[in-house]
Amino acid sequence: EMNTFFPQFKAMWMAENTTNTMHNLLTLRGAQVRDARIWAKFLDDTIRVYGPNTEVKFQSHHWPMWGHDKIIDYWKRQRDMYKYMHDQSVRMMNQGLVGSEIAEEIAFPPEINNFWPDRGYYGTLKHNSRAVYQRYMGWYDGNPSDLDDLPPVEAAKKYVEYMGGEDAVLDKAKNDFDNGNYRWTAMVLKHVVFANPDSVNGKNLLADSYEQLGYQAESGPWRSVYLQGAYELRNGVPSAGQTDTASPDTIEAMPPEMMFDYLGVRLNGPKAAGKNIKLNVTFDDLKQDYTLFVENGVLNYAPGKIGDADASLTLSKATMNEIQMGKLKLDDGINQNKVKVDGNRDSVSDFIGLMDTFPFWFNIVTP
């Protein structure tokens with residue numbers, strides 16, 4: 001995200017570094033945590049270096065702003081929003097609070113909280129403060145009970161057993177739901193659903209809880225998360241409407257090394273255990289050679305070719321892209337002379353057979 005100044009217009013393009021809402025330090029879809037301290041520092045740099053000559057501010061999202069004094073005030077409040085959430089999260093972290101406790105306690109001062117562009121219509125102070133904790137501390141909160149806790153299904157069965165069984169939990173949860181304790185019912189009914197995925201009453205009451213939380217959410221992404229959870233409980237995992245996350249442009253732009261790294265992630269380690277496969281790969285259009293090694297359940301690669309490979313493949317990068325995107329099967333590529341194989345063809349088939357494909361949709365609020 002790069003700011004760009006247009007001196008002839010006295011205009012600053014802010015990319016997404018400031019928008020008219022709070023941004024995410026950690027996207028709810030999952031990503032690496034962004035550094036709030038550095039974010040605030042570069043906004044401060046922008047104020048000092050370009051602020052004196054700025055009369056217009058615009059960005060990737062939302063509406064532009066005119067007027068030097070108004071823009072400087074806006075930048076300062078955006079800067080201090082990220083600085084506050086960083087510094088106060090770290091302060092409380094050093095007092096021994098864990099992420100969930102920090103999220104519950106942290107609050108902006110009025111001069112930030114009451115400023116429209118600092119409101120949590122997208123990112124939220126609650127999950128951004130937990131992101132700061134995650135960046136510095138990781139997943140472990142220091143409590144030994146959380147060091148090797150049971151996975152969701154096993155834990156859920158014991159929770160429900162200890163609570164007196166599913167019917168007892170549902171009776172108590174319905175009372176809490178009627179009293180508006182939706183955060184709690186969402187927590188406790190999760191265990192009912194994971195202990196018994198066929199619990200219609202448990203799913204429906206949990207979906208009701210998610211919907212109420214969604215209706216009350218100020219953040220658009222939070223609302224979407226809650227309502228998507230309710231949808232899964234009522235209808236199951238969607239089967240349509242997926243986004244193409246590996247577009248042709250993305251695949252084509254990937255250098256061979258990045259593509260091999262991706263193949264390493266797709267490699268099914270347990271299936272690859274005990275396998276020993278060595279393949280030479282030549283991209284004839286790039287004039288580049290590589291060797292792929294499968295051993296110890298891992299895919300490694302190196303530049304160049306070796307003499308004792310099980311097989312050697314020669315193909316273009318474009319053909320590899322087609323195979324990667326699922327538009328061309330390897331066997332069809334061989335039959336169409338797009339892929340030339342020398343050596344043991346079965347070893348190539350074995351290699352391809354070790355690759356997982358990833359579904360776009362998968363269960364989240366149901367086991």
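A residue counts as exposed when its relative accessible area is over 50%, as buried under 20%, and as partly exposed in between. The model used here is predicted.

**Exercise 1.** Decide whether Trp139 is buried or exposed.

Solution. The relative accessible area of Trp139 is 66%. The cut-off for exposed is over 50%. Trp139 is therefore exposed.

**Exercise 2.** Classify Tyr140 and Trp222 by the same cut-offs.

Solution. Tyr140 has a relative accessible area of 27%, so Tyr140 is partly exposed. For Trp222 the relative accessibility is 23%, so Trp222 is partly exposed.

**Exercise 3.** State how many aromatic pairs there are, and classify the pair of Trp139 and Tyr140.

Solution. The count is 16 aromatic pairs. In the pair of Trp139 and Tyr140, the centres are 5.6 Å apart and the planes make 55 degrees. Planes under 30 degrees apart count as stacked and over 60 as edge-to-face, with the rest tilted. The pair of Trp139 and Tyr140 is tilted.

**Exercise 4.** Explain why the pair of Trp222 and Tyr226 is edge-to-face, and locate both residues.

Solution. The ring centres of Trp222 and Tyr226 lie 6.4 Å apart, and the planes stand at 80 degrees, so the pair is edge-to-face. Both residues belong to helix 10 (residues 220–235). Trp222 and Tyr226 are four residues apart, about one turn of the helix.

**Exercise 5.** Find which rings have the charged end of Lys41 or Arg77 over them.

Solution. The charged end of Lys41 is over the ring of Phe42, 4.9 Å from the centre. Arg77 lies over the face of Phe115, 4.9 Å from the ring centre.

Key
Residues are numbered from 1 along each chain as its sequence is written. This is a predicted model: local features need pLDDT of at least 70, side-chain atom pairs count only at pLDDT 80 or more; totals for chains, interfaces and linings use all residues. Side-chain values use heavy atoms; hydrogens and water are left out. Rings of Phe, Tyr and Trp (its six-membered ring) pair if their centres lie within 6.5 Å; planes under 30 degrees apart count as stacked, over 60 as edge-to-face and the rest as tilted. Buried means under 20% relative accessible area, exposed over 50%, partly exposed in between (1.4 Å probe, protein chains only). Helices (H or I, at least four residues) and strands (E, at least two) are DSSP runs, numbered from the N terminus. A charge sits over a ring if NZ of Lys or CZ of Arg is within 6 Å of the ring centre and within 35 degrees of the ring normal.
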